[in-house]
Structure formats: C-alpha cells, structure tokens
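Subject: Handing over the structure

Hello,

Here is the structure I promised to pass on to you.

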Amino acid sequence: CQLISELLNEWEIGITKEIAICLFIGIYYDTGDFVYKSANKDTFLMVAKLFEKEAYLGKNILDIERNRSFRDIAFRGLAFSHIDSMFSGRVAIITLSQDDLKKGGFDKIEVSGSIIISDIMKIETVIIGIIMIEEEPNKIKISFRSSDPEKYDVSRIAEIFSGGGHKAASGALASKGLSEAKDIIIKTIIQTYPDIKEE
C-alpha cells in the first residue's frame with residue numbers, strides 16, 4: 001500500500017478520502033501495527049500525507065479492531081487451546097483438525113488463519129508462528145510468520161509444500177494428514193535453522 005501511495009503521487013492521481021482510508025489500513029496491517037522493520041521514515045511520511053485527506057484515520061482501525069463477534073472470540077479460544085510451544089517457546093504451532101472444528105461448534109473456518117497467527121506473534125518469545133487448519137482430509141492450509149525474517153525466512157519453510165510468500169509471511173497448502181504435515185514442518189525448521197534449538 002505504501003508503494004501504491006507513492007505511485008499514485010508520482011502519476012499525479014488524486015488520493016480521495018476513501019482511497020486514503022484503504023491505503024492507511026493496508027499500511028497499518030502490513031507493517032504489523034507499525035512495528036515491523038519495513039516501517040521506516042518513508043512509511044510515516046506517507047501516512048502523514050494520507051492524514052491530510054482524513055484527519056482521523058485511526059478511527060477506521062478502531063472500527064475494525066472493535067468489530068469482533070462472540071463467534072470470533074470463541075474461534076480464537078478454540079485455536080489457542082490447540083497450540084504447541086517448541087524450542088523454549090521460539091516456535092509456536094496451532095493445529096486444527098476438522099474434528100476440532102466440529103467439536104468446537106464450527107462447521108467451517110470462521111476466522112482467517114492470518115488473524116490468529118498475528119495473535120501468535122504477539123507472544124513474547126515466539127520467533128516463528130504457524131497455524132495449520134485442516135480444510136478437508138489431506139488438505140491442510142498453513143500460514144507462517146517470522147518476527148526475525150532476515151534470520152528466519154519462513155518462505156524457505158513454506159517451499160517444502162510448494163508454498164511461498166516472503167520472508168516474514170508465507171503460506172502453503174499441504175496434501176497431507178495434519179500430523180504428517182506438522183512433523184515435516186518441524187523437521188524442516190530444524191534442518192533449515194538448527195540454531196533455533198540452541199538460542
């Protein structure tokens with residue numbers, strides 16, 4: 001969204017109030033609430049320009065963040081009841097099977113895995129966060145995040161299932177059982193980043 005903002009300015013395409021809101025929300029979430037290393041001086045200068053179009057952009061974040069339903073919170077509770085901590089808390093993996101979803105009263109995925117994985121990354125010790133959701137037998141949707149992408153590039157882990165993305169956030173779809181896919185991921189992390197066990 002920052003790049004889009006820069007292009008719109010360079011092409012002298014007017015940024016309306018509505019466009020400013022969309023760009024601000026995109027920048028806010030893509031920078032992890034302005035805490036990722038990608039948030040630099042240029043990011044904040046761009047945000048300042050967007051504020052010229054709408055004085056209270058922060059209200060839009062409040063509207064999104066305070067728009068959770070009881071079902072959203074229940075789904076988060078279900079997800080976090082299936083979290084495993086590994087390597088002294090440096091890796092956290094949530095696994096949800098179809099049975100888990102049904103027992104929890106969910107017929108389908110009701111909250112984006114990307115939202116829940118953002119919550120995982122707020123855990124103090126976590127460097128690599130992973131959520132694995134069984135969409136159907138032998139079809140596992142996986143999201144990966146890294147709090148230190150220069151050292152722990154999660155796109156390298158996603159590659160094992162022909163997935164991709166970028167260093168800090170990647171995804172994959174595994175045609176495996178949940179347990180088998182999880183074992184493969186753990187082995188891949190150890191092989192790719194053996195120091196994560198020793199830090």
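To start with a term: a residue counts as buried under 20% relative accessible area, as exposed over 50%, and as partly exposed in between, using a 1.4 Å probe and protein chains only. By that rule K182 is buried, because its relative accessible area is 14%.

A word on where the values come from. This is a predicted model, in which local features need pLDDT of at least 70 and side-chain atom pairs count only at pLDDT 80 or more, while totals for chains, interfaces and linings use all residues. Residues are numbered from 1 along each chain as its sequence is written, and side-chain values use heavy atoms, with hydrogens and water left out.

Now the overall picture. The protein has 9 helices and 6 strands; these are DSSP runs numbered from the N terminus, with helices being H or I of at least four residues and strands being E of at least two. Its C-alpha trace spans about 50 × 40 × 30 Å along the principal axes. There are 199 residues, and 42% of them count as buried. Of the contacts (heavy atoms within 4.5 Å) with a separation of 6 or more, 58% are between residues 24 or more positions apart.

Leaving aside residues up to four places away in sequence, K182 touches D84, M86, I93, T95 and M132.

Next, a pair of helices. Two packed helices are described by the angle between their axes and the distance between the axes. Here α2 (residues 17-30) and α4 (residues 58-65) pack at an angle of about 65°, with their axes 9 Å apart. The axes are lines fitted to C-alpha atoms, for helices over the stretch in contact, and angles run from 0 to 180 degrees between N-to-C directions. On the α2 side, I21, F24, I25, Y28 and Y29 meet G58, N60, I61, I64 and E65 of α4.

T31 lies in the loop between α2 and α3 (41-51). Is T31 buried or exposed? T31 is buried, with a relative accessible area of 5%. Not counting residues up to four places away in sequence, T31 touches Y36, S38, A39 and T43. From T31 to T192 there are 161 residues in sequence and 26 Å in space, C-alpha to C-alpha.

E6 belongs to helix α1 (residues 2-10) and is partly exposed, at 32% relative accessible area. E6 and M46 are 40 residues apart along the chain, and their C-alpha atoms are separated by 7.9 Å.

Finally, please have a look at two backbone angles. E12, in the loop between α1 and α2, has a phi near 55°, a positive value in a residue other than glycine. F87 also has a positive phi, of about 55°, although it is not a glycine; F87 is in the loop between β1 (83-86) and β2 (91-96). E12 counts as exposed, at 73% relative accessibility, whereas F87 counts as buried, at 19%.
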